[in-house]
Amino acid sequence: VVLMVKYGGNKMSKMSMFLSRNELMDIMGISSSTLTRYMRDGLPHFKFKGRVLFNNDKIQEFFKEHTIS
């Protein structure tokens with residue numbers, strides 16, 4: 001899912017990559033309940049027109065900060 005996000009009125013815009021719940025579950029190989037648990041634990045997400053979406057950059061930051069080494 002690609003959304004046009006406007007910053008500063010109409011002067012500047014940015015294309016950002018967002019993933020749906022199903023896309024993220026497929027990429028990560030996780031179940032819906034695991035994704036829901038990650039969301040409760042702080043995985044950044046937002047709703048847009050009734051859909052839960054995840055910003056790809058924010059997902060990567062979250063897992064870098066929450067990975068057990």
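Is Ser20 buried or exposed? With a relative accessible area of 10%, Ser20 is buried (under 20% relative accessible area, with exposed meaning over 50% and partly exposed in between; 1.4 Å probe, protein chains only). The model is predicted, so local features need pLDDT of at least 70 and side-chain atom pairs pLDDT 80 or more, while totals for chains, interfaces and linings use all residues. Residues are numbered from 1 along each chain as its sequence is written, and side-chain values use heavy atoms, without hydrogens and water.

Ser20 belongs to strand β2 (residues 12–20); strands (E, at least two residues) and helices (H or I, at least four) are DSSP runs numbered from the N terminus. Beyond its neighbours within four places in sequence, Ser20 is in contact with Arg51, Val52, Leu53 and Phe54 (heavy atoms within 4.5 Å).

Turning to helix α2 (residues 32–40), its buried residues are Thr34, Leu35 and Met39. They share one side of α2 because they cover an arc of only 145° around the axis, taken from the directions from the helix axis to the C-beta atoms. These buried residues pack against α1 (21–28) and β4 (51–55), whereas the face turned away from them carries the exposed Ser33 and Arg40.

Tyr38, Phe62 and Phe63 form one aromatic cluster (ring centres of Phe, Tyr and Trp, the last by its six-membered ring, within 6.5 Å; planes under 30 degrees apart are stacked, over 60 edge-to-face, the rest tilted). Phe62 and Phe63 pair edge-to-face, 5.1 Å centre to centre with 85° between the planes. Phe62 is buried, at 8% relative accessibility, and Tyr38 is partly exposed, at 21% relative accessible area.
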